[in-house]
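Have a look at the sequence and the 3D view, and keep both at hand while you read. We will visit a few spots together.

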Amino acid sequence: MKRIHKVAVLGAGTMGARIAAHFANAGVPSYLFDIVPPDADGPARNKIAGAGLDAARKSKPAAFFEPSLAKLITVGNFEDDLKKLADVDWIIEAVVENLDIKRSLLKKVDAVRKPGTIVTTNTSGLPVSKIAEGFADDFRRSWFGTHFFNPPRYMRLLELIPTPETDRNLLDAIAWFSDVRLGKGVVFAKDTPNFIGNRIGTFSVLNVMRLMQEMDLTIEDVDALTGTPVGWPKSATFRTIDLVGLDILGHVVSNMTANVHDERSELKLPDFYKQMLERKWLGDKTKGGFYKKSKGADGKEERLALDWRTLEYHPRHKPKLAALEMARNVEDTGARLRMLLGLEGSGPQKGDKAGAFLWAALSDLWTYSANRIPEISDTVVEVDRAMKLGFNWEMGPFELWDAAGVEATVARMKKDGKPVAANVEKLLASGKKTWYDENLATPSARSYFDLGTGHWPLVKVPEGVWSVTVAKKSNGVVKKNSGASLLDLGDGVGCIEFHSKMNSLGADIIQLITQTLKPGGPGDAFDAFVITNDAQNFSVGANLMLLLMAVQEEEWDDVDMVIRQFQGMTQAIKFSPKPVVVGAFGLTLGGGTEISLHAPARQPHAELYTGLVEVGVGLLPGGGGCKEMLVRALDSATSIRPDGRGESVKLLEAMKKAFETIAMAKVATSAHEARGLGFLSDSDSITMNRERVLSDAKARALALARSSYEAPVMRNDLPAPGENILATLKLGVYMMRQGDYISDHEVKIGNKVAEVLCGGNVTPGTPVSEQYILDLEREAFKSLCGEKKTQERIQYTLKTGKTLRN
């Protein structure tokens, strides 16, 4: 398979520069070229490419995992530097969407590239085959489409669009590289306008706007209906358009209008949308679109919503849709959807605007999607994957149709006189009632109805792509309680999975981990363990509600016991005779970070948001987090003499860093940043593709088990930083208060953190044990629990999901 060691991106606009940035995230060096400005000389000839790179450096959300990765990008221009393309393995064209400009540039590229060098286009609208029409045979064999979604770091979808002449080996090489190295979910699309994701997504958005006008709904109504109730992102329809940019959607719609001629070609951008484009109301980038922020009469910031009828803003209101309120209590998306559509019970209710809107929108979406096969894809699988990966839908249109009930919805379409797709009639005529079938397949896979053959092949999954859900179907659950499960991953590796609400850590999770890892427990059957799960976030930390209830009841013995049990769990992870690998991802906060810190190895996803955030609720890390940060600080610094006269500057700097990380509740926004903050070690590997975390973590656990793993022994010889560094840290806290940067309550928190990290007010270098630091943590944690301000902070966080600054 062709290997990719270096790439070139041609075009340093928003997409091109951010594509180069994501290659840097993967550790792959790249060239970023663009045109030469008029009359430019010297370094100024690279000004446009340089400006693109600077924009990527400053972009929000961040394009780079960490700023230093930008050094992997070398800027240049089309006139002086194209000869450098002979050094690269993959060239990505990302210039303006103009056929003549693209072809002219690519002819120059073909003159300097090595034979066999892969060349792809990031076009979102032009026919891929037409761009390379008439080029040399080797070029056309090495040519296909690679449609990244913006922003490339965060949007997982990559559509690969081969032409009839594309070399399949080269296509497979990019598919593998994009999956494993770039973390992409790869979907193969046909060379049709807007490919898969934008074709289905654009239809859905235009149809939603049509229905909104016909049913006289508001912007807020539609966003309330087209978000989480149907398993779509919380940003729903119009908030998403604001984030993406009204002009971007406008461009995609223009391409679709000009090149697509299907049964719904009548759908157009509404007049109010065109007026917004004329007024440059483009969304967040212009500080206003369908929503905008404004300061109210009380000086507080509020979000205003647009009235599409008058194009005037008003305070955003909460929609009054009774059906929606009832559906909020239904957790399962399929059951919630059937309730909203009136497919259960007595059927649709008269005057139910929510149900009527969703029925019209989804039935149209299902029919349109079914009619696109085999036009844009040969299978329902690619359509579903494209919408889940590119638009963050929980389920693709065909999976959503299965959840609602194909037979029941088709019967209702016919009753309402709505068109029914021939493809769904074909499915039902086969005697089946769903697009996917779990029963025909092996326990770890699904079959799908192949409209071309009428057969039920397995959904193909790349080797190494795995999930806890699939593992459970294959090997079963060994032990389970309400918050966690122990399951068998095979090869002697067990997996501890969290499944509490938001994976908050309560007594059930603590109990299962502790029991599993102790000798004589259910974990005895395994040689190694992985702690991970399939949720959106690894863990948001400890269950604060249970803690607050005990504190308010002044059940201090219970509080003490809870902290001891939590510490017991983290120590069980650290000192387990069998290796434990934590596969963290997404939000990994507070106690979630403490679990990760105590494992002998970590295999996180690149998109890791981790930190010891307890200070935000008026507490400090009480599950061993302070202790582990102290151990890391001591290990990174030189030794000190017991008499205290030899404190090293290196130790002071290491302690300052550890203190600031905890006291400022710093959160890493990538696994790379997490390493810099001390949450990962140099030996920890990072997985780029979220769907590969479980496989990679299992492989790491097996490697440890097979290398004669020896568990660490609890240390009794930690040289306490002591009174001198404690005084320095407390002075810093004092100065922050004098500058009015922190409150009196935060002074108390900061001083407690300093006392724990320094081992108390002892002589520098005094040998202390890990247990001694844990005891300091526990006592400091309990004392802060008794503070009224801490209890107020916890209540505020439970109510809003945010932390409170006093």
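Predicted model: local features only at pLDDT ≥ 70, side-chain atom pairs only at ≥ 80, totals over all residues.

Let's start on the surface. Met545, Leu546, Met549 and Leu798 form a nonpolar patch there, and together they have about 360 Å² of accessible area. Helix H21 (residues 544-552) gives the largest share of this patch, with three residues. Leu798, in contrast, sits in helix H31 (residues 788-800).

Helix H31 also holds Gln791. Is Gln791 buried or exposed? Its relative accessible area is 18%, and because buried means under 20%, Gln791 counts as buried. Leu798 has a relative accessibility of 35%, so this residue counts as partly exposed.

| Residue | Relative accessible area | Class |
|---|---|---|
| Gln791 | 18% | buried |
| Leu798 | 35% | partly exposed |

Which residues does Gln791 touch, leaving aside neighbours within four places in sequence? Gln791 is in contact with Leu548, Val551, Gln552, Cys785 and Gly786. With Cys785 there is a further detail: a polar atom of the Gln791 side chain lies 3.1 Å from the backbone oxygen of Cys785. Gly618 is 173 residues away from Gln791 along the chain, yet their C-alpha atoms are separated by 7.8 Å.

Now for the hairpin. Strand E14 (residues 477-480) pairs with strand E15 (residues 484-490) in the antiparallel sense, over three bridges. Three residues lie between E14 and E15 in this hairpin. To find the pairing in the 3D view, look for Lys480, which stands opposite Ser485 in E15.

Conventions:
Residues numbered from 1 in each chain as written. Heavy atoms only, no water. Patch = residues over 30% accessible without salt bridge, like charges linked within 9 Å, V, L, I, M, F, W, Y side chains within 5 Å. Areas by Shrake-Rupley, 256 points an atom, 1.4 Å probe, with all protein chains shown as cover. Salt bridge = Lys/Arg side-chain N within 4 Å of Asp/Glu carboxyl O. Helix = DSSP H or I, 4+ residues; strand = E, 2+ residues; numbered from the N terminus. Buried < 20%, exposed > 50% of the residue type's maximum accessible area, 1.4 Å probe, protein only. Pairing = 2+ DSSP bridges. Contact = heavy atoms within 4.5 Å. Polar contact = N/O pair within 3.5 Å; in protein donor to acceptor, adjacent residues only side chain to side chain.
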